[in-house]
Amino acid sequence: MNRPINLIERIKTSLDTLNRSERKVADVILKDPHSATRYSIAALAQEAGVSEPTVNRFCRSFDAKGYPDFKLQLAQSLASGTPYVSRNVEQDDTAQEYTDKIFSFSIASLDAARQSIDANEITKAVDYLIQAKQISFFGVGASGPVAMDAQHKFFRFNIPVMAYDDFLMQRMVASVARTGDVIVIISYTGRTRELVEVAKIGREAGATVIGITAPDSYLAEECTLTIGVTTQEDTDVYMPMASRMVHLTVLDVLATGVTLKRGVDFQKHLKAIKDSLKASRMPVKK
């Protein structure tokens, strides 16, 4: 989903059309756009001397879904970026500047994903996962380590689980999947040809295929269930950063859902795993 990156210019050219309260919001943003990307909606409202609903109306007047989406667009408009690194970072940025930009964009991306994610999709995914005979996590490129992290979390649930980041292994695993198996495919764009094919193979073999990917993407069309997540990150040009963070967090949400669904008695099992690690730790420094 492409967003205009000249939001600051749009605000400047719209000043005469804004009402008095909206003009106050615009003035605060234009005075220091970088600081504005770090404001919560409450902080921006206080700084402008207006109500939070006024800030929300202001954001929606510039085609944003809400305040988190507006902050993402604002962050994008501040820089053309460094190709193959990040849209939000300039070549001559200092360590302080690019550190602040990357953290701010990641926080804003997580907040936007939090507000847009469909809790019903999470509930359905947890139900599929807790009933699974076995779970396979698929990811390639930057999503490969995300799949590995999912394996590290989900092995705790007494369900056979594996992660695969090789296309050929994914195809073979998908081809022998059966009813009751769950395949979770992680892809930011949902346009990776091999993953789209693997989803179709797995679903036709009888598996439940869950996609953590862009809604309305090629991959989403082939999945049994899609947890739709988006960030304002063009991974065709820039290094995957915030998108990876969002996917990791979605998997944390799913792991938490499975844990809660197992009930209080299952905590004994989780405690035994934690206790097994005690001998490997150095004592805490006083």
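**Helix α10 and beyond**

Mentor: Let's start with Gln170, which lies in helix α10. Keep in mind that this is a predicted model.

Trainee: Okay. Is Gln170 buried or exposed?

Mentor: Gln170 is buried, with a relative accessible area of 0%.

Trainee: And what is Gln170 in contact with?

Mentor: Setting aside neighbours within four places in sequence, Gln170 is in contact with Phe138, Gly139, Val140, Tyr164, Asp165, Leu195 and Val198.

Trainee: Which other residues of α10 are buried?

Mentor: Helix α10 covers residues 167-175, and its buried residues are Gln170, Val173 and Ala174. They span an arc of only 95° around the axis, which puts them on the same side of α10.

Trainee: What covers the buried residues there?

Mentor: The cover includes β1 (134-138), β2 (161-164), β3 (181-187) and α11 (193-205).

Trainee: What happens at the start of α10?

Mentor: A side-chain oxygen of Asp166 comes to within 3.1 Å of the backbone nitrogen of Leu168.

Trainee: Let me zoom out. How many helices and strands does the protein have?

Mentor: The secondary structure comes to 14 helices and 5 strands. The C-alpha atoms fill a box of roughly 65 × 55 × 40 Å along the principal axes. Of the 286 residues, 46% count as buried.

Trainee: Now the core. Which residues have the most contacts inside the largest nonpolar core?

Mentor: Those are Leu129, Ile135, Phe137, Phe154 and Leu254, in a core of 31 residues. At least two residues of this core come from each of α8, β1, α9 (143-154), β2, β3, β4 (208-213), β5 (225-228) and α13. The largest share, 6 residues, is supplied by α13.

Trainee: Pick one of those and tell me more. What about Phe137?

Mentor: Phe137 lies in strand β1 and is buried, with a relative accessible area of 1%. Leaving out residues up to four places away in sequence, Phe137 touches Ala147, Ala150, Gln151, Phe154, Val161, Met162, Ala163, Tyr164, Val184 and Leu251.

Trainee: How far apart are the C-alpha atoms of Phe137 and Ala163?

Mentor: They are separated by 4.5 Å, although the two residues are 26 residues apart along the chain.

Trainee: And which residues does Ile135 touch?

Mentor: With residues up to four places away left out again, Ile135 touches Leu129, Phe154, Ile159, Pro160, Val161, Met162, Val182 and Val184. Apart from this core lies another one of 23 residues, including Leu7, Phe58, Phe62 and Leu74.

Trainee: Switching to charges: how many salt bridges are there?

Mentor: The count comes to 11 salt bridges. Side chains of opposite charge can pair when their charged atoms come close.

Trainee: Can you walk me through a few?

Mentor: Asp63 forms a salt bridge with Arg10, with the closest N and O atoms 3.0 Å apart. This pair links distant parts of the chain, since Asp63 is in the loop between α5 (52-60) and α6 (67-77) and Arg10 is in helix α1 (residues 7-13), 53 residues apart. Asp63 is exposed, at a relative accessible area of 52%.

Trainee: Which residues are linked in a network of salt bridges?

Mentor: Asp149, Lys153 and Asp252 are linked that way.

Trainee: Last one: how many disulfides?

Mentor: The count comes to 0 disulfides. As for individual cysteines, Cys59 is buried at 0% relative accessibility, and Cys223 is buried at 10%.

Technical notes: Residues are numbered from 1 along each chain as its sequence is written. This is a predicted model: local features need pLDDT of at least 70, side-chain atom pairs count only at pLDDT 80 or more; totals for chains, interfaces and linings use all residues. Side-chain values use heavy atoms; hydrogens and water are left out. Buried means under 20% relative accessible area, exposed over 50%, partly exposed in between (1.4 Å probe, protein chains only). Helices (H or I, at least four residues) and strands (E, at least two) are DSSP runs, numbered from the N terminus. The arc is that of the directions from the helix axis to the C-beta atoms. Contact means heavy atoms within 4.5 Å. A polar contact is a pair of N or O atoms within 3.5 Å; within protein, one must be able to donate a hydrogen and the other to accept it, and residues adjacent in sequence count only if both atoms are side-chain atoms. A salt bridge is a side-chain nitrogen of Lys or Arg within 4 Å of a carboxyl oxygen of Asp or Glu. A disulfide is a pair of cysteine sulfur atoms within 2.5 Å. A nonpolar core is a set of buried Ala, Val, Leu, Ile, Met, Phe, Trp, Tyr and Cys residues joined through side-chain atoms within 4.5 Å.
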